[in-house]
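Subject: Structure handover

Hello,

Here is the structure I promised to pass on. Please open it alongside this message.

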There are 2 protein chains.
Amino acid sequence: MSDPRFGLARHIVLPGPLPLDGGGRLAPAEIGYETYGTLAPDGGNAILVCHALTGDQHLASPHPRTGKPGWWARMVGPGRPIDTDRWFVVCANVIGSCLGSSGPASLDPATGAPYGMAFPVITIRDMVRAQALLLDHLGIGRLAAVVGGSMGGMQALSWAATFPDRVQACVCIASAARHSAQNIAFHEVGRQAIMADPKWRGGDYYASGDPPAAGLAVARMAAHITYLSEAGLTEKFGRKLQGREAKTFGFDADFQVESYLRHQGLAFTDRFDANSYLYITRALDYFDLAEEHGGLLANAFRGTATRFCLVSFDTDWLYPTAESRTIVHALNAAGAAASFVELSSPFGHDAFLLESPTLDRVIAGFLGNGR
Amino acid sequence: MSDPRFGLARHIVLPGPLPLDGGGRLAPAEIGYETYGTLAPDGGNAILVCHALTGDQHLASPHPRTGKPGWWARMVGPGRPIDTDRWFVVCANVIGSCLGSSGPASLDPATGAPYGMAFPVITIRDMVRAQALLLDHLGIGRLAAVVGGSMGGMQALSWAATFPDRVQACVCIASAARHSAQNIAFHEVGRQAIMADPKWRGGDYYASGDPPAAGLAVARMAAHITYLSEAGLTEKFGRKLQGREAKTFGFDADFQVESYLRHQGLAFTDRFDANSYLYITRALDYFDLAEEHGGLLANAFRGTATRFCLVSFDTDWLYPTAESRTIVHALNAAGAAASFVELSSPFGHDAFLLESPTLDRVIAGFLGNGR
């Protein structure tokens, strides 16, 4: 097959308009995406994988800017738990982001200049609607499964709630059906850090060539702590010093954990747009699947034929197990088929991205049962 | 008694020099402090209360800048658990801070200008040594008790380890014997937020009249989240909106928790110096009582006659109960008299500052037994 719609590093401009939860419309809607494997003639083997806050469509191919392996290469590929010899896998950059899909850095057709803060505030459901347009374009009616961790898990839930007829199975890992006050609080710190950077210039920094990297780095540092467990940080870093024998009694990065965090912050600014960080954190904070369904989460899944698989990690304090359990209770109340497992890991929220034979077995097993 | 050394809003310039753990010397050493109650003729009824990171000497008197009641007025006063009809209570601003004690905003005698980052990096033990100088000045040889929560608890432990003969009893609340990797990580985020603010100017901002308030506010916001429990935030704010019926699809503080955090950040900048925040967080990160005693915490207390009372709160994730337990195990190994209680509270780390009849009883009981 040499269908130009399929393959790595694809990009499509969909005319739209895409109606948005905030009342506006996005037109055109650009989407950067990748596909892996071969679409079955009946279109029945498609799996959509949804990425997390700062993720991208480079699911199992090297990242174009960092050169690092795809963010879930260990999960997706030939012979992997999501086996591309069998499944046709799609991963699309969410709208609001900055790796090929429409976001604040995209050109506003009304002005010919980057949107900046004129980009409309979007929601998780808007991201999902954009993905649905992409699937239409790819000729995929119904997904064998939608799979995601963290914000990807929210999209997976939103897919099942918004397009129940298009989703056979839903895998939601290390996620939640709504953002908690603490989740919102951490994001607000990040947004304030970006907006406090004078280089942010009200979001209009693209022409300057000098983006608010310092503020974005601080935002990333604060968020990064929430991705790791206290025990994991202690095991990995403890109070170990960084390339020195003794404390310097100064403000250099004496401790390895300081050096690590600073590096995480700086490296992030090379690959991510500060305004996209504002927009996507906002979409996350706005996410409340129950609210979209009359305040009762079970209503989001009433009468659904979709099968659900929920996975949490015991040391994840960003989206703790209790959040997954809330979803399972709602699925049970709605009479939906749901399996749930809490996995043990020392790595906190990040566990879903890391080597985990148990997670591999859970996902491969759940997808296998779907045949 | 009209001894000018005693009373509210006292300030003393001690010639020093005060030798510091970092190798330098502080001279003179200024200390802002308050005393409550009357010192017994034999000097035997003195209790030193140590404050937390952003605390001050206004333990039970209104704060001079905010007008708010003293930070532990509910604990200290006539008829209170620390009863000033019986005890002579001293509270001193720690060195490094900005409410009357020597810190980066103080004048460097070598230049006649504020120290800024030329102020020496100090440790918790340095703070304690400065307090010991103050007690000498006040004519107090031996403390009936040293009491503190959070960073105050670290000072209390450091007092017992550094001057065992001067401490009859030690009360350490919601604290730890060393800063964990996660603790350091959160502080590093705060420091980077301050240093990323162009108004910080390498710490030399005093003459500008325009301090790095935006960076300091972000630092405070990040830290403030760690003072509260996830459950407490959910109970207090949940996803409630701030003075509006619906989400605005913008970047205003739609959620109450955002508005609250922004307020906390801004209000803090009115009363605290950004450089002091850098220095005191550094002192906290450097704190490791075991390291000061050959790597074994029990060595810090070997042969001590001091009685110890440890208190933790079950929802405190900044200094969780496990940290207090580590201290208790070391005290047991050292053969010290130690009592320990974990209290239940929905309020996380902040619980030690809030209404807690159980905490009141524990402290009053422990001090009463000391007579």
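**Confidence**

Keep in mind that this is a predicted model. Chain A has a mean pLDDT of 96. In that chain, 99% of the residues reach 70 or more. For the complex, the predictor gives an ipTM of 0.95 and a pTM of 0.96.

**How the two chains are related**

Chain A superposes on chain B by a rotation of 180°, with 0.0 Å of shift along the axis. The RMSD is 0.0 Å. The two copies are thus related as by a two-fold rotation axis. The interface fits this picture: 100% of the interface residues of chain A are also interface residues in chain B, so the copies meet through the same surface.

**The interface between A and B**

The contact involves 43 residues of chain A and 43 residues of chain B. Which elements of chain A give two or more residues to the side that touches chain B? They are helices H3 (181-196), H4 (213-227), H5 (230-236), H6 (256-271) and H7 (274-286). H3(A) gives the most, with eleven residues. By type, the residues on this side of chain A divide into 23 nonpolar, eight polar and twelve charged.

**Domains of chain A**

Chain A is divided into two parts: domain 1 (10-179 + 288-369) and domain 2 (183-282). Taken over C-alpha atoms, the domain centres are 25 Å apart. Within chain A, 26 residues of domain 1 are in contact with 22 residues of domain 2. The side of domain 1 that touches domain 2 holds 14 nonpolar, ten polar and two charged residues.

**Helix H8 of chain B**

H8(B) covers residues 321-333, 13 residues in total. From first C-alpha to last, H8(B) reaches 18 Å, close to the 18 Å expected at 1.5 Å a residue.

Which residues of H8(B) are buried? They are B:Thr321, B:Glu323, B:Ser324, B:Ile327, B:Ala330 and B:Leu331. An α-helix has 3.6 residues a turn, so residues three or four places apart point the same way.

After the helix comes B:Gly335, with a positive phi near 75°.

Best wishes

Terms used: Residues numbered from 1 in each chain as written. Chains lettered and ligands numbered in written order. Predicted model: local features only at pLDDT ≥ 70, side-chain atom pairs only at ≥ 80, totals over all residues. Contact = placed C-beta atoms within 7 Å. Helix = DSSP H or I, 4+ residues; strand = E, 2+ residues; numbered from the N terminus. Nonpolar A, V, L, I, M, F, W, Y, C, P; charged D, E, K, R; others polar. Expected span 1.5 Å × (residues − 1). Buried ≥ 20, exposed ≤ 12 C-beta atoms within 10 Å, placed from the backbone. pLDDT = per-residue confidence, 0-100. Least-squares fit on C-alpha atoms with pLDDT ≥ 70 in both. Domains from an automatic or database assignment.
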